[in-house]
Amino acid sequence: MLKFIVRRLLGMIPILFIVSILIFSFVRFIPGDPARLVAGPDATYRDIQAVRAQLGLDKPVVTQYIDYVEGLLRGNLGTSLKTGRPVAEEIGSRFMATFWLTVVSMGWAFVIGLLIGVASAVKRNRWQDYAGMFTAVSGISLPSFWLGLMLIQLFSVRLGWLPTAGFDSWKSLVLPSLTLGSGVAAVIARFTRSSLMEVLREDYTRTARAKGLHYNIVVWKHALRNALIPVVTMTGLQFGFLLGGSVVVETVFSWPGLGRLLIDSVAFRDYPVIQGEMLLFALEFILINLVVDVLYAVLNPQIRLE
Amino acid sequence: MVKKSMMLVCALLFGLSLILSGCGAPAGKTVGVQSVQKQGKSITVAVQDNFVSMDPGDTNDTLSFSAEKTMMEGLIGFDKSMKMVPLLATSWEVSPDAKEFTFHLRKGVKFSDGTPFNAQAVKVNIDRLSDPKSNLKRHSLFSLVDKTVVVDEYTVKVILKQPFGAMLNNFAHPAALMVSPAALEKYGKNIGRHPVGTGEYMLKEWIPGDHLTVVKNPNYWRQGYPKLDSITFKSVPENGSRIAMLQTGEADFIYPVPPENVQSLVGQSGVTVKHKPSIIVDYVSMNTLKKPFNDPKVRQALNYAIDKNAFIKVVYSGLAEPMTSEIASNVQFFSPQQPYPYDPNKAKALLKEAGYPNGFDTTIWSNNNSTYIKATQFIQQQLAQVGVKVKIENMESGTMDSKIWSVKKPQDATIQLYFGGWSPSTGDADWGLRPLLSKDMIPPQGYNTAYYQNDTVSREIQQAIETADPAQRKAAYDKVEKDIWQDAPWVFLDTRDNIYGYRNYLKDAFLLPDGSLDVQKAEIVK
């Protein structure tokens, strides 16, 4: 398994390299002139030309790309056009906020989603199933900006229990993670339900029951383990998406995370920051895929990592 | 079993509706909220965007200037209505040819790092701004400076290469806030993250994307100030969240408040919402080089065709004033004109005279934020009444910028109507007129999206800055504003209001007409 992990980690390098080329060219396809945006709304033509030269945007694109790759090889992601701060610093300062929000949201969403899913599958077509799936459909359908603002109205404005904005303490995490996690919990619940129902129809489940094992043990120990494989895949994907930062939730709760940074950077045509963030997202997805693959093997020893 | 599940679903729905109806009810009934008691002497200001830089010379967003002004001061300041007042300079003289500006400095002032404020410190700052090699975004405000001379410890003289009558306003501009020379030396290019000035407050911490906190400067020169211990600026992009923060007391001051949200705050105990005219004007420029807008009659017709008061009601919930000149009434050398009344019949008659009895088709460009979309839709509806069919193209701002400013030759410009706003950050008529309406400012040079190239007007705009004599400048602008108004290269729409909200215990915190915050002298009254 260790060999497998090392090989996969080495395989990341060419992938990231290709991704970097794609990102570099795509951001430059967006119409718009960063020099004009950086120079500001009432800059004169001369100001704009000066800014362009200062930012190195007057150089040929090929030269810019070579500079960029050279920087990357030295571990330098460049400097933000907007703030003049190193990109690594811009992203770094927001990464932890997004990371904690993702971990907490995914944490409760996974547990609750799994419980609802199992309950629904086991009590198929009974009221527990209907209630569970009703909750799940609501979780998917409620737009997060609406849910977020409603939670703020209830818990911050009316009850005064939780803060409205920012990331200052564990209390700040409650509302954003509820909002962000509700959709994920719903997806996990539905995946768990359908997958577990399938497994419960399998012969080996019947065998386990037939040899006299308690139903709960069959479900939790034997069936669920096998049913988890698609759920883990799904969870990994969701985890990756959330790590990219949620623009809506971060905006509603003034969360200092990566989603807002990306939107701001795109609006500002802040090429180095967009590039840096996209590269980070690519890296996150590759790593998560690796973790998911390893988890397969842990869940089902029949799966071998080659 | 089915019955049971139905009951459960009903119960859930009922519970949900209870929560929702609770949320919808007026918040005035809430417990706990209006009993917010201010503890301590620290306030939180919730703003919309993120701060970009704390280096005044390298700043071009009003928000960053707002925070800079709590830490740094300029030679000249602005009062509530943007009239220039002495700040670090106690008085000044201008030579009749508008080339030499002499400042007498306040004595006994120190930067918060202990560096004395004197003529040498001013020279360091002005030299930095006027040197193109400093690569500062606000260099253009000081590019005319030839040299800065230290006359004595507390007198400094700035000499320009050519006359510029509006130069005093550039000294009052936040870009000319004085930074400690020792800090400039120490931090170099990173001064934007380590601002040191003579202001009421000093930087404590700045977490990009989240908040910026300033604390009391114990050695501030003005007796009795500052009144607060600290001010935290928090970036809260969502309008609803900002308003919620004011209601809960998590924020003591919020801005902007969108016009459509004002009603939800009015009448709530503990909270005040204020709106005051800004210096931002909204207009529709018409490409005067091309048919049909090359005919002044057509341009005037469009001015008659739009009901400005209805426009203000629809777009700004009534919180704006009709424009009465090309610049707002708070801008220096504003000269009121006779507004074009709403008169669709006259508009039709003018169009007929110009040879368009059945109107024509045209396109309007604008940004794609919700206010601008609403505005262009209203304009479309109004112009349809007089036979002008408008196609709306709302674009993301970067995309629109490149469509407007990538044009090399004026005849290649495809722009027809353009809806936009302008805020002359110096507060002077020159910056409200020259970049927009003088003939050397057509794209890509400037912001003259009307391609308006009236020689007389351009010459008059130039003459108005060749003297610093207010009477002469006023006479020149009276004429300029009248000429442009009659020529109507724009549809003149409105001057927006600045809207902000605060908790009642907060005193002397407000917005200046240019949209920047003034919280330096704020205090809490119980």
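**View 1. Ala98(B) counts as buried, with 22 C-beta neighbours inside 10 Å.** A residue is buried if 20 or more other C-beta atoms lie within 10 Å of its own, exposed if 12 or fewer, and partly exposed in between, with C-beta atoms placed from the backbone. This is a predicted model, in which local features need pLDDT of at least 70 and side-chain atom pairs count only at pLDDT 80 or more, while totals for chains, interfaces and linings use all residues. Residues are numbered from 1 along each chain as its sequence is written, and chains are lettered from A and ligands numbered from 1 in the order in which they are written. Ala98(B) is not a glycine, yet its phi is positive, at about 60 degrees. The loop that holds Ala98(B) runs between strand 4 (89-94) and strand 5 (100-105) of chain B; helices (H or I, at least four residues) and strands (E, at least two) are DSSP runs, numbered from the N terminus.

**View 2. Asp508(B) also has a positive phi, near 60 degrees, in a residue other than glycine.** Asp508(B) sits in the loop between strand 18 (506-507) and strand 19 (510-511) of chain B. With 13 other C-beta atoms within 10 Å, Asp508(B) is partly exposed. Most residues other than glycine have a negative phi, and most peptide bonds are trans.

**View 3. A cis peptide bond joins Lys291(B) and Pro292(B), with omega about -5 degrees.** Pro292(B) belongs to the loop between strand 12 (271-286) and helix 8 (296-305) of chain B. A cis bond also runs from Pro443(B) to Pro444(B), with omega near 5 degrees. For Pro444(B), the loop is the one between helix 13 (429-437) and helix 14 (455-463) of chain B.

**View 4. In chain B, 4 strands form an open antiparallel sheet in the order 4-5-7-6.** Strand 4 and strand 6 (145-152) of chain B each have a single partner strand, so one side of each is left without a neighbour in the sheet. Strand 4 and strand 5 of chain B pair over 5 bridges; pairing requires at least two DSSP bridges between two strands. The bridge partner of Ala89(B) is Leu105(B), in strand 5 of chain B. Helix 3 (residues 119-130) of chain B packs on the sheet and touches strand 5, strand 6 and strand 7 (155-160) of chain B. The direction of this helix makes about 175 degrees with that of strand 6 of chain B; axes are lines fitted to C-alpha atoms, for helices over the stretch in contact, and angles run from 0 to 180 degrees between N-to-C directions.

**View 5. At the interface, 51 residues of chain A are in contact with 50 residues of chain B.** Contact means that the C-beta atoms of two residues, placed from the backbone, lie within 7 Å. Helix 7 of chain A gives the most to the side of chain A that touches chain B, with 8 residues. Among the other elements that give two or more residues to this side are helix 5 (87-122) and helix 6 (127-141) of chain A. The model scores ipTM 0.83 and pTM 0.86.
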